[in-house]
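Please look over the model below with the packing of its side chains in mind. My notes follow as numbered points.

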Amino acid sequence: MKVIYQVGRLDNPAQATKEFYIKNFHGEKVDESGKAELSSIVLRDFLRKRNYEAKTVIIYPVSIVFNSKLPEYIQPEELKNELVDIFKDPSNYLKNPHEFIDRIELERNRDEKLIVHSLGEYLGISLDASYDDIVLEILFDMIERYLKGELEELYLDISSGHNIYISAILEAARHFAVFSHLVNWIDDTKSPKIYITFSDPIIGSSAKSFEIHIQQQRFTAFFSSPIKSKEAADYNFSFLREIYPDPNNNSKGSEAVKLKQQAREKRKKLKEKIEMFCLLFSAIKNNVPLYLYYQHYHSADEIKEETFKLIDHAKARLCSDYQKSPNLNKRAYIDAVLSLGFYIGIVNVLEKYNVTMFCHDTGIDIETVKNSFSEIYLIFRLHTNIVMLGNEVSNTQEKLKQIGDISTWTGLYRIIDPDKSAGEIDPRNFFAHSGFERNATEVRTEDDRVLVRYSLNVNFNDINCWLKRRLE
């Protein structure tokens with residue numbers, strides 16, 4: 001589905017309808033024109049004529065009805081009277097603006113709408129919203145559509161709307177682009193293409209028709225964690241309290257306890273996903289592949305479901321009052337959402353290469369680890385890791401060749417230095433040797449294969465702490 005976002009106008013229908021035309025569509029010369037109140041409608045109809053699925057999502061700032069001229073041209077009379085009453089007392093409208101805007105017979109050719117907060121004073125009505133909340137409202141809509149399979153290509157028509165809403169659309173699209181790239185490491189072509197569209201200037205122009213211009217935007221995502229070591233290791237993901245805060249209301253007794261427990265449970269489930277993402281990311285970044293075979297990571301569907309829950313919770317807070325917005329912590333939400341998207345992308349890669357739990361008694365072929373992660377590191381563009389892992393595996397294989405067959409599990413420290421006894425696992429050596437630290441790793445041979453595993457005395461809690469410290 002090609003989804004087109006544009007800020008609505010609700011202008012006088014006698015003046016609002018314009019003729020728009022398209023001459024160039026992605027390098028192809030075309031000749032298409034149409035009349036509509038908004039250029040996005042003409043673009044949508046053009047796409048549908050070419051047998052594409054396309055829809056418009058018209059963004060309405062909640063302040064859009066606070067226009068002294070609007071009663072002059074909306075119909076029917078009952079709606080005019082209702083609007084005048086809203087000007088006098090907007091409280092009911094601001095609790096649920098959807099119902100009233102749905103009944104305005106302007107821009108009815110839209111497919112869907114998205115109502116966002118406003119800031120400023122309109123007809124003496126003060127609206128106190130946060131720009132960051134408006135960005136999040138648009139971003140959440142994009143992510144939801146994408147994860148539900150309803151957004152395959154994104155068009156941002158910036159022909160209408162005040163600067164604040166245009167800026168919010170563009171910022172939301174930038175965050176969305178990064179999110180979709182993080183999800184699609186295996187096949188980046190699955191990330192939606194994003195286009196900015198705009199018409200020739202209309203206000204002050206004497207032209208009878210206006211061209212729609214289409215420009216592709218390009219974004220890049222890097223293998224870098226949205227969450228850094230201090231937040232993971234020192235603060236224990238405390239930013240999640242900004243997403244699921246403890247309730248601050250007048251509830252008392254058992255009801256207050258219940259609400260607090262619900263918030264904590266939501267934080268706990270989100271933290272499980274965010275923390276596992278951090279561990280997997282750090283293990284890949286810091287080149288300790290064997291560790292990843294020991295992790296019970298979540299499925300992509302479980303992570304998607306957690307993302308939907310986060311968005312639903314945020315939307316409930318945002319929609320509770322359109323007089324003012326809750327002033328959400330945008331950084332906290334974006335870090336969480338990008339981490340969840342990145343987690344989905346990592347899980348898809350690990351599953352493709354069958355990086356999953358194995359039989360501890362049997363072990364896993366070190367050559368399989370090397371081959372799988374050479375390709376995984378290529379996907380994540382971690383070329384240095386490929387060299388380091390290859391060297392470490394080759395060195396281990398060479399040492400075992402000199403010794404011969406080892407039918408039982410033997411600590412790697414005995415292979416490297418038979419005169420030394422087992423020691424403590426050294427964090428520096430753990431990372432320097434691609435996770436095959438001599439006191440942590442056991443080996444055995446079977447036919448021509450070298451099998452590896454971690455010894456039973458390995459404390460994964462310690463390794464988890466080391467990995468969090470090395471987040472970057």
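**Notes on packing and pairing**

1. F380 touches W185, F223, I284, I346 and V349, leaving aside residues up to four places away in sequence; contact means heavy atoms within 4.5 Å. This is a predicted model, in which local features need pLDDT of at least 70 and side-chain atom pairs count only at pLDDT 80 or more, while totals for chains, interfaces and linings use all residues. Residues are numbered from 1 along each chain as its sequence is written, and side-chain values use heavy atoms, with hydrogens and water left out.

2. F380 is also among the residues with the most contacts inside the largest nonpolar core, together with I138, I243 and L310; this core has 115 residues. Helix α13 (residues 330-352) gives the most to it, with 14 residues. A second, separate core of 43 residues includes V42, Y73, Y93 and Y155. A nonpolar core here is a set of buried Ala, Val, Leu, Ile, Met, Phe, Trp, Tyr and Cys residues joined through side-chain atoms within 4.5 Å; buried means under 20% relative accessible area, exposed over 50%, and partly exposed in between (1.4 Å probe, protein chains only). Helices (H or I, at least four residues) and strands (E, at least two) are DSSP runs, numbered from the N terminus.

3. The count comes to 27 aromatic pairs. Rings of Phe, Tyr and Trp (its six-membered ring) pair if their centres lie within 6.5 Å; planes under 30 degrees apart count as stacked, over 60 as edge-to-face and the rest as tilted. F66 and Y93 make an edge-to-face pair, 5.7 Å centre to centre with 75° between the planes. F66 lies in the loop between β4 (54-61) and α3 (70-73) and Y93 in helix α5 (residues 91-95), so the pair ties together parts that are 27 residues apart in sequence. Both F66 and Y93 are buried.

4. F223 and F281 are stacked, at 4.6 Å centre to centre and 20° between the planes. F223 lies in the loop between β10 (209-217) and α9 (229-234) and F281 in helix α10 (residues 253-285), so this pair ties together parts that are 58 residues apart in sequence. F223 and F281 are both buried.

5. One aromatic cluster includes Y291, Y293, F358, F430 and W466.

6. An open sheet of four strands runs in the order β11-β14-β13-β12, with antiparallel pairing; two strands pair if DSSP finds at least two bridges between them. Strands β13 (residues 441-446) and β14 (residues 449-454) pair over six bridges, and R444 stands opposite L451 in β14.
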